[in-house]
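User: Please take a close look at one part of this model and describe how it packs against its surroundings.

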Amino acid sequence: MSSIKLPNYGSFYQWFMDLNRSRPDLIVPIPSQNDEDWRKWAMLLISTNKDKLSKVSLPLKGQFPDNKSWRKWAYFLIQNIENS
């Protein structure tokens, strides 16, 4: 497995495509191309892979308040995956 690209550049959808490619061990749902829906996608990703992602922070709006917060959440996801 290759490492997951950091979410420094590009769109949420581009980052998702890399996650899907680099982590074939995960069931990665296809998100809408609208960055506003990233929280719904992230909740589905966590619940679908609960055995592997049980320690990942939920994408709650209080902690990740705006649409660009997906990058911050993605770092938490990567850290959890890389350390497990």
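Analyst: A nonpolar core is a set of buried Ala, Val, Leu, Ile, Met, Phe, Trp, Tyr and Cys residues joined through side-chain atoms within 4.5 Å; buried means under 20% relative accessible area, exposed over 50% and partly exposed in between (1.4 Å probe, protein chains only). The model is predicted, so local features need pLDDT of at least 70 and side-chain atom pairs pLDDT 80 or more, whereas totals for chains, interfaces and linings use all residues. Residues are numbered from 1 along each chain, and side-chain values use heavy atoms, without hydrogens or water.

The largest nonpolar core holds 21 residues, and those that touch the most other members are Trp15, Leu19, Trp41, Leu45, Trp73 and Leu77. Two or more residues are given to this core by each of helix 1 (12-22), helix 2 and helix 4 (70-82). Helix 4 supplies the largest share, 6 residues. Helices here are DSSP runs (H or I) of at least four residues, numbered from the N terminus.

The part examined here is helix 2, which spans residues 38-48. Towards helix 1, the two axes, lines fitted to the C-alpha atoms of the stretch in contact, with angles from 0 to 180 degrees between N-to-C directions, come within 12 Å and cross at roughly 15°. Helix 1 and helix 2 are therefore roughly parallel to each other, a term for angles under 35 degrees. Helix 1 contributes Phe12, Trp15, Phe16 and Leu19 to this contact, and helix 2 contributes Trp38, Trp41 and Leu45; contact means heavy atoms within 4.5 Å.

Towards helix 4, helix 2 packs at an angle of about 15°, with the axes 11 Å apart. This pair, too, is therefore roughly parallel. From helix 2, Trp38, Trp41, Ala42, Leu45 and Ile46 meet Trp70, Trp73 and Leu77 of helix 4.

Met43 is another residue of helix 2. It is partly exposed, because its relative accessible area is 37%. Met43 and Leu26 are 17 residues apart in sequence, and their C-alpha atoms are 14 Å apart in space.

How values were computed. Angles under 35 degrees count as roughly parallel, over 145 as roughly antiparallel, 65 to 115 as roughly perpendicular and the rest as oblique.
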